[in-house]
Amino acid sequence: MDYVEYPSVGKFEGDVFDPRMWRPQTPTTAYLEMRDDDAFWAARRVAAFTDDLIRAAVHTGQYSDPKAEKYLADVLIKRRDKVTSTYLTAVNPIVSPRLDADSRLTFDNAALAAGVASGPATYRGSWFRFDNATGETQALSDTQSATTTLEAPPGMPTASGSFVKVDISVDSEAHPTWRRPISAYFRRGGAGWTLVGLERLPETLAIATAGPVRRAH
């Protein structure tokens, strides 16, 4: 392709750039073995950089040519947008699940929040009692909502130290991969429920246990 070249920038563009096809010059294991849930986590970090933050960061380079400075910032913004639109929609985008003392589950949709997806969606939760010692589950019920809030079903455990598992999926006509659920694990304590584990690819990751979140993408 024809590059717009500035001596201080070199060959760098954002129109042809494809996040799934791009490869680093020096192969790295982390990149070569990256899965879609890893890329989702990284895309959330990239999405945190607003246009103003990117332009401010480029400005610190003290480019002598204002056109080169603007060009570099423009390309970085294009690349950010392509990374977020590619990877924030590739898997179930539910993040930050919270279960309050009244057993009301709220969460965020990272793809909608970043503006890379739109349209109606139905959120579904499959609820289970969870035995943290054996990993066994006991089904409670399913609930659903058109908003990012799900009411827990009857029969939720109330004893301190109890665990529940919630499989959260999203029905979206535009994004069928969102139907693949994430699994959130909560432990009951004196102050209510605490998130203790999250699996974005439940069938390939080990069962989460009490303690720090293992892979909170």
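Why does N92 count as buried? N92 counts as buried because its relative accessibility is 2%, where buried means under 20% relative accessible area, exposed over 50%, and partly exposed in between (1.4 Å probe, protein chains only).

## Basis of the model

The structure is a predicted model, in which local features need pLDDT of at least 70 and side-chain atom pairs count only at pLDDT 80 or more, while totals for chains, interfaces and linings use all residues. Residues are numbered from 1 along each chain as its sequence is written, and side-chain values use heavy atoms, with hydrogens and water left out.

## Overall build

The protein contains five helices and eight strands; helices (H or I, at least four residues) and strands (E, at least two) are DSSP runs, numbered from the N terminus. Their order from the N terminus is α-α-α-α-β-β-α-β-β-β-β-β-β. Along the principal axes, the C-alpha atoms fill a box of roughly 65 × 35 × 30 Å.

Of the 217 residues in the protein, 39% are buried. Contacts (heavy atoms within 4.5 Å) between residues at least 6 apart in sequence join residues at least 24 apart in 56% of cases.

## Helix α4

Helix α4 covers residues 66-87, 22 residues in total. From its first C-alpha to its last it reaches 32 Å, close to the 32 Å expected at 1.5 Å a residue, the expected span being 1.5 Å times one less than the number of residues. At the start of α4, a side-chain oxygen of D65 comes to within 2.9 Å of the backbone nitrogen of K67.

The buried residues of α4 include A68, Y71, L72, V75, I77, V83 and Y87, and also the charged-group residues E69, R79 and R80. Their cover includes α2 (36-47) and α3 (51-59).

## Surroundings of N92

N92 sits in the loop between α4 and β1 (94-99). A polar atom of its side chain lies 3.0 Å from the backbone nitrogen of I94. The N92 side chain also reaches the backbone oxygen of R180, at 3.0 Å.

With neighbours within four places in sequence left aside, N92 is in contact with F40, I168, S169, V170, T177, W178, R180, P181, I182 and R200.

Definitions and conventions: A polar contact is a pair of N or O atoms within 3.5 Å; within protein, one must be able to donate a hydrogen and the other to accept it, and residues adjacent in sequence count only if both atoms are side-chain atoms.
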